[in-house]
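Hi,

Here is the model I said I would pass on. Have a look at it first, and my notes follow below.

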Amino acid sequence: MSEELILHHYARSPFSEKVRLAMGLKKLNWRSVIVNNILPRSHLELLAGGYRRIPVLQVGADVYCDTHLILRTLDRLRPDSPALFSNSVIQPLCWWWDKSILAPAVRILVGLHGDKLPEAFIEDRKKFAPGHTFSKEDNEKDIPVNVQRINSHLAWLTDMLADGRNFLLGDSSPCALDITTYHGLWFIMGGVGNETENVLPQLTQPKLSAWLKRVAEFGHGTSKEITPEEALDVAKQAEPIEPTYIKNDLKSEWHVGQRLRVTPDDVGRVPVEGTFVAANNYEIVLRLSNETTGNINVHFPRAGFDVVPV
């Protein structure tokens with residue numbers, strides 16, 4: 001069984017940056033599969049049953065979706081390296097940040113640079129987030145409101161660092177919260193560029209800037225690029241693991257072998273259908289099968305995903 005970590009990602013994906021930084025903090029070796037920033041992604045169609053959000057972590061014939069689960073999985077698979085989730089408050093705090101920051105950040109960047117976005121990218125994102133507009137003129141007038149929304153959370157972040165600590169939850173213990181908070185700001189600063197000080201001046205405050213630099217220094221670990229075809233071959237040569245780490249104590253909800261549909265509850269709402277393998281309050285696993293890859297177990301977090309019988 002292959003235990004190599006294979007990350008399907010692209011350079012400017014903020015959620016991919018979160019996982020890359022986790023690889024760096026944990027000093028991991030991993031394989032990199034670069035994907036398009038828009039559909040199609042034919043190899044992921046096969047590996048993840050149509051799930052379209054990026055990144056995706058592959059370990060042999062097991063595929064892990066959504067960064068909240070991917071980071072928990074890195075802790076489980078690589079427990080000897082620094083823990084991303086060292087206590088029970090970190091995951092809810094990560095959820096707070098991702099849900100609060102990324103949407104207004106995207107609207108600010110589109111308001112500033114939407115006229116430079118390729119038409120194919122705009123059309124793809126309209127399907128990804130129905131009801132959202134990706135035109136510069138529609139978002140430009142709302143930049144002040146979205147800046148306010150981010151600033152209110154930046155104030156809390158700045159307060160956390162006010163006592164001079166090196167990291168958000170302690171002086172010497174970086175964790176998933178540092179990585180999660182950083183990746184959203186990395187996305188903003190990369191898009192705003194030289195306008196950062198004018199658009200979000202809080203990001204240039206000395207303690208916040210110093211913290212941003214410390215997190216960036218985690219790096220991305222050690223990666224080697226492979227092709228999508230090589231990743232598919234890894235899956236084909238492997239068999240999914242038996243998820244014995246899941247107690248499967250929710251038998252009253254579903255039974256093993258039952259056909260289920262899992263769908264993100266916000267954006268990228270492409271359903272994935274498969275047979276139920278296991279679940280607890282944090283994770284659900286579906287079995288998919290196709291001629292190209294054989295059997296695949298696709299893993300989703302429970303939070304942020306709807307599960308219904310087919």
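**What I found**

Let me start with Trp 211: leaving aside neighbours within four places in sequence, Trp 211 is in contact (heavy atoms within 4.5 Å) with Leu 157, Leu 161, Asn 166, Phe 167, Leu 168, Asp 178, Thr 181, Tyr 182 and Leu 185.

Before going further, some housekeeping. This is a predicted model, so to speak of local features I need pLDDT of at least 70, and side-chain atom pairs count only at pLDDT 80 or more, while totals for chains, interfaces and linings use all residues. Residues are numbered from 1 along each chain as its sequence is written, and side-chain values use heavy atoms, with hydrogens and water left out.

**Cores**

Trp 211 is also among the residues with the most contacts inside the largest nonpolar core, together with Leu 74, Leu 84, Leu 154, Leu 185 and Ile 188; this core has 54 residues. By nonpolar core I mean a set of buried Ala, Val, Leu, Ile, Met, Phe, Trp, Tyr and Cys residues joined through side-chain atoms within 4.5 Å. Buried is under 20% relative accessible area, exposed is over 50%, and partly exposed is in between (1.4 Å probe, protein chains only).

At least two residues of this core come from each of helix H1 (14-25), strand E3 (56-59), helix H3 (67-77), helix H4 (90-113), helix H7 (143-161), helix H8 (176-192) and helix H10 (206-216). H4 gives the most, with ten residues. The element names follow DSSP runs numbered from the N terminus: helices are H or I with at least four residues, strands are E with at least two. There is also a second, separate core of 33 residues, which includes Val 33, Leu 232, Phe 276 and Phe 300.

Thr 73 is buried at a relative accessible area of 1%, and beyond its neighbours within four places in sequence it is in contact with Leu 57 and Tyr 64.

The largest pocket holds about 1400 Å³ of space. Of its 47 lining residues, Pro 14, Phe 15, Val 106, Phe 128 and Phe 187 are the closest to the centre. H1, H3, H4, helix H5 (119-128) and H8 each supply at least two residues of the lining, and H4 has the largest share here, at ten residues. By class, the pocket lining has 22 nonpolar, twelve polar and 13 charged residues. For the classes, Ala, Val, Leu, Ile, Met, Phe, Trp, Tyr, Cys and Pro count as nonpolar, Asp, Glu, Lys and Arg as charged, and the others, Gly among them, as polar.

How many cavities of 30 Å³ or more does a search of the whole structure find? One, and the largest cavity has about 40 Å³ of space. Leu 39, Arg 41, Leu 44, Glu 45, Gly 50, Tyr 51 and Arg 52 line it, which by class is three nonpolar, one polar and three charged residues.

For both, the search ran on a 1 Å grid over the protein atoms alone: a cavity is a set of points where a 1.4 Å probe fits but cannot get out, a pocket is an open set with protein on both sides within 12 Å along at least five of seven lines, and lining residues have an atom within 4 Å of a point. Points are joined across faces, edges and corners, and a volume is the space filled by probe spheres set on the points.

Most residues other than glycine have a negative phi, and most peptide bonds are trans. The bond from Leu 39 to Pro 40 is cis, with omega near 10°; Pro 40 is in the loop between strand E2 (29-34) and helix H2 (42-48). The bond from Ile 54 to Pro 55 is cis too, with omega near 15°, and Pro 55 is in the loop between H2 and E3.

Lys 27, in the loop between H1 and E2, has a positive phi of about 55° and is exposed at 70% relative accessible area. Asp 66 has a positive phi of about 80°; Asp 66 sits in the loop between strand E4 (62-65) and H3 and is buried, at 12%.

**Cysteines**

Zero disulfides (cysteine sulfur pairs within 2.5 Å) turn up in the whole structure. The sulfur of Cys 175 has its closest cysteine sulfur in Cys 94, 6.6 Å away and too far for a bond. Cys 94 is buried at 1% relative accessible area, and Cys 175 is buried at 1% as well.

Cheers
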